[in-house]
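Look at the model below.

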Amino acid sequence: MAVRYLRLHGYTVKERNWRSGHAEIDIIATNLSNIAFVEVKTRTYTKETLLNAPPPGNAVKSEKQRLTRRAAKDYLWQHPTKKQPRMDVIEVWLVRDDVTDKAKVAKINHIKAAY
């Protein structure tokens, strides 16, 4: 879902699940001026809990940010670019009526330069 969202918004996806040591970057994508290192956070809710749900991006804690930054530096060392690097988060809210229903996308939020 996040890859499709980025492509629809003018990004070219370069990598998915790119690893460097113990760190993983969910998506590496570029647009005309940026290279975005994207962490995707998805949460599933019921219709009743969706309204008061915390943003999925709250789960990107300082340790994850540190690991992602280090992996991004490794990627840039291996793949030099003149594009401006950026650390993004894509939040995906899924909702289902009950536990037996298939979850549907309720909302996608792209936080550019999240950290």
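E91 is buried, with a relative accessible area of 4%. Buried means under 20% relative accessible area, exposed over 50%, and partly exposed in between (1.4 Å probe, protein chains only). This is a predicted model: local features need pLDDT of at least 70, side-chain atom pairs count only at pLDDT 80 or more, and totals for chains, interfaces and linings use all residues. Residues are numbered from 1 along each chain as its sequence is written, and side-chain values use heavy atoms, with hydrogens and water left out.

E91 belongs to strand β4 (residues 84-96). Strands (E, at least two residues) and helices (H or I, at least four) are DSSP runs, numbered from the N terminus. Which residues does E91 contact, leaving aside its neighbours within four places in sequence? They are K41, P55, P56, G57, N58, K107, I108, N109 and I111. Contact means heavy atoms within 4.5 Å. A polar atom of the E91 side chain lies 2.9 Å from the backbone nitrogen of G57. The C-alpha atoms of E91 and I111 are separated by 7.8 Å, though the residues are 20 apart along the chain.

Now the rings. A pair of aromatic rings is described by the distance of the centres and the angle of the planes. Rings of Phe, Tyr and Trp (its six-membered ring) pair if their centres lie within 6.5 Å; planes under 30 degrees apart count as stacked, over 60 as edge-to-face and the rest as tilted. The whole structure holds two aromatic pairs.

| Pair | Centre to centre | Angle of planes | Type |
|---|---|---|---|
| W18 and Y75 | 5.1 Å | 90 degrees | edge-to-face |
| F37 and Y75 | 5.9 Å | 75 degrees | edge-to-face |

Both pairs link distant parts of the chain. W18 is in strand β1 (residues 12-20) and Y75 in helix α3 (residues 62-78), 57 residues apart. F37 is in strand β3 (residues 34-46), 38 residues from Y75. W18 and Y75 are both buried, and F37 is buried too. W18, F37 and Y75 form one aromatic cluster.

A nonpolar core is a set of buried Ala, Val, Leu, Ile, Met, Phe, Trp, Tyr and Cys residues joined through side-chain atoms within 4.5 Å. The largest one has 14 residues, and W18, I25, I28, F37 and Y75 touch the most other members. β2 (23-30), β3, α3 and β4 each supply at least two residues of this core. Its largest share, four residues, comes from α3. Apart from it lies another core, of 13 residues, including A2, Y11, I27 and L94.

Definitions and conventions
Polar contact = N/O pair within 3.5 Å; in protein donor to acceptor, adjacent residues only side chain to side chain.
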